[in-house]
Amino acid sequence: MEIRHIKYFIQVYHDLNITKASKSLFISQQALSKAIVNLEEEIGCPLFERSVSGLTATRYADIGFILAAAQAELPPQMEVCCKGKDEITCCVVMHKDNPLANNKMITVKNLKGQALLFLDSYHQLNSYIEEEMLKQKIEFKHHGESSLESFFTQINVGTCAGFCSSELLRYFHFPDLVCVSLSLDGREEQKLNTYLVVWEKRVKTKEMRHYINYFQDKNK
C-alpha cells in the first residue's frame with residue numbers, strides 16, 4: 001500500500017462520490033474506483049457500499065478514516081473534521097487573561113473586536129462562524145489561519161483567540177489556555193462532528209484493532 005492510495009481513500013470518504021473525488025485528485029474515475037477496490041481487497045474489509053444513489057461509508061471506513069489520516073503523515077493528535085457520528089462541543093480557546101475567559105458561554109456578540117485565529121482543518125466551521133458574524137454585523141480582526149502545529153502556540157501569546165473542540169486542548173500542554181463553549185445562536189452550544197486520531201492504547205473495538213494491526217505490519 002502506498003500513501004497515495006490512502007489519500008485516495010480519504011478523498012472518497014469526504015466526498016462519497018467517485019466523480020467528485022477523482023476531479024479533486026486529478027485522476028480518472030476508473031483508476032480511482034480500481035484503487036478503492038484494490039484497497040478493500042488488500043485490507044479484507046468493505047469500505048463503501050455502492051448503490052445507484054452513490055456511496056455509503058461502512059463502519060470499517062469510518063474507523064479506517066482515522067488511521068488513514070494518521071498514515072497520511074498528519075500528527076497523531078490531528079483533529080479531522082469529517083462525517084463522524086460523535087458530536088463534540090465547539091469552544092473558543094484563549095489565554096486565561098482574556099476578558100472572556102471567565103464566561104460560562106461565549107456568543108458571537110462577545111467576539112466583537114477580538115482577534116480570531118482559524119484552524120485550517122475546520123473549513124466548514126470557519127466559514128459558518130464568519131458568515132454568522134457578518135450576518136449579525138459583528139466586527140472582528142482576522143488573525144489568519146494556522147496549522148495545528150502552531151495553533152495553540154500563537155494563542156498562548158495572548159494576542160488572539162481561536163476555535164477548536166472541547167477535546168483537543170487536553171492533548172497539548174498549555175496550562176495558561178482555557179476553553180469556553182461557543183454558541184452561535186445564543187442559546188445552545190455549537191457542536192462539531194469530528195474524530196480524533198488516537199493512539200492504540202485508547203482503542204477498544206475489534207474493527208479498530210484490525211486496522212491498527214494491519215498498518216503496523218505493513219510499516220515494519
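Author: Buried means under 20% relative accessible area. The model discussed here is predicted.

Reader: Which residues of α5 are buried?

Author: They are Leu 125, Asn 126, Ile 129, Glu 132 and Met 133.

Reader: How do you know that the buried residues of α5 line one face of the helix?

Author: Look down the axis of α5. Its buried residues fall within an arc of 135°, so they line one face. On the other side of α5, the exposed residues are His 123, Gln 124, Glu 131, Leu 134 and Lys 135.

Reader: What span does α5 reach, and what is expected?

Author: α5 has 13 residues. From first C-alpha to last, α5 reaches 18 Å, close to the 18 Å expected at 1.5 Å a residue. Lys 137 follows α5, with a positive phi near 55°.

Reader: How many aromatic pairs does the whole structure hold?

Author: A search finds six.

Reader: Why is the pair of Phe 118 and Phe 140 called edge-to-face?

Author: Rings pair if their centres lie within 6.5 Å, and planes over 60 degrees apart count as edge-to-face. The centres of Phe 118 and Phe 140 are 6.4 Å apart and the planes stand at 70°, so the pair is edge-to-face.

Reader: Where do Phe 118 and Phe 140 sit in the chain?

Author: Phe 118 is in strand β6, residues 115–119. Phe 140 is in the loop between α5 and β7. They are 22 residues apart, and the pair links distant parts of the chain.

Reader: Why is Phe 118 called buried?

Author: The cut-off for buried is under 20%. Phe 118 has 1% relative accessibility, so Phe 118 counts as buried.

Reader: What makes Phe 140 partly exposed?

Author: Partly exposed lies between the 20% cut-off for buried and the 50% cut-off for exposed. Phe 140 has 23% relative accessibility, so Phe 140 counts as partly exposed.

Reader: What makes Phe 151 and Phe 152 an edge-to-face pair?

Author: The centres are 5.1 Å apart, and the angle between the planes is 70°. The limits are 6.5 Å for a pair and over 60 degrees for edge-to-face. Phe 151 and Phe 152 therefore form an edge-to-face pair.

Reader: Why do Phe 151 and Phe 152 count as buried?

Author: Phe 151 has 0% relative accessibility, so Phe 151 counts as buried. Phe 152 has a relative accessible area of 1%, so Phe 152 is buried.

Reader: Which residues do ring pairs link into a cluster?

Author: Phe 9, Tyr 13 and Phe 48.

Reader: What is the make-up of the protein in helices and strands?

Author: The protein has seven helices and ten strands. Of its 220 residues, 45% count as buried.

Conventions. Residues are numbered from 1 along each chain as its sequence is written. This is a predicted model: local features need pLDDT of at least 70, side-chain atom pairs count only at pLDDT 80 or more; totals for chains, interfaces and linings use all residues. Side-chain values use heavy atoms; hydrogens and water are left out. Rings of Phe, Tyr and Trp (its six-membered ring) pair if their centres lie within 6.5 Å; planes under 30 degrees apart count as stacked, over 60 as edge-to-face and the rest as tilted. Helices (H or I, at least four residues) and strands (E, at least two) are DSSP runs, numbered from the N terminus. Buried means under 20% relative accessible area, exposed over 50%, partly exposed in between (1.4 Å probe, protein chains only). The expected span of a helix is 1.5 Å times one less than its number of residues. The arc is that of the directions from the helix axis to the C-beta atoms.
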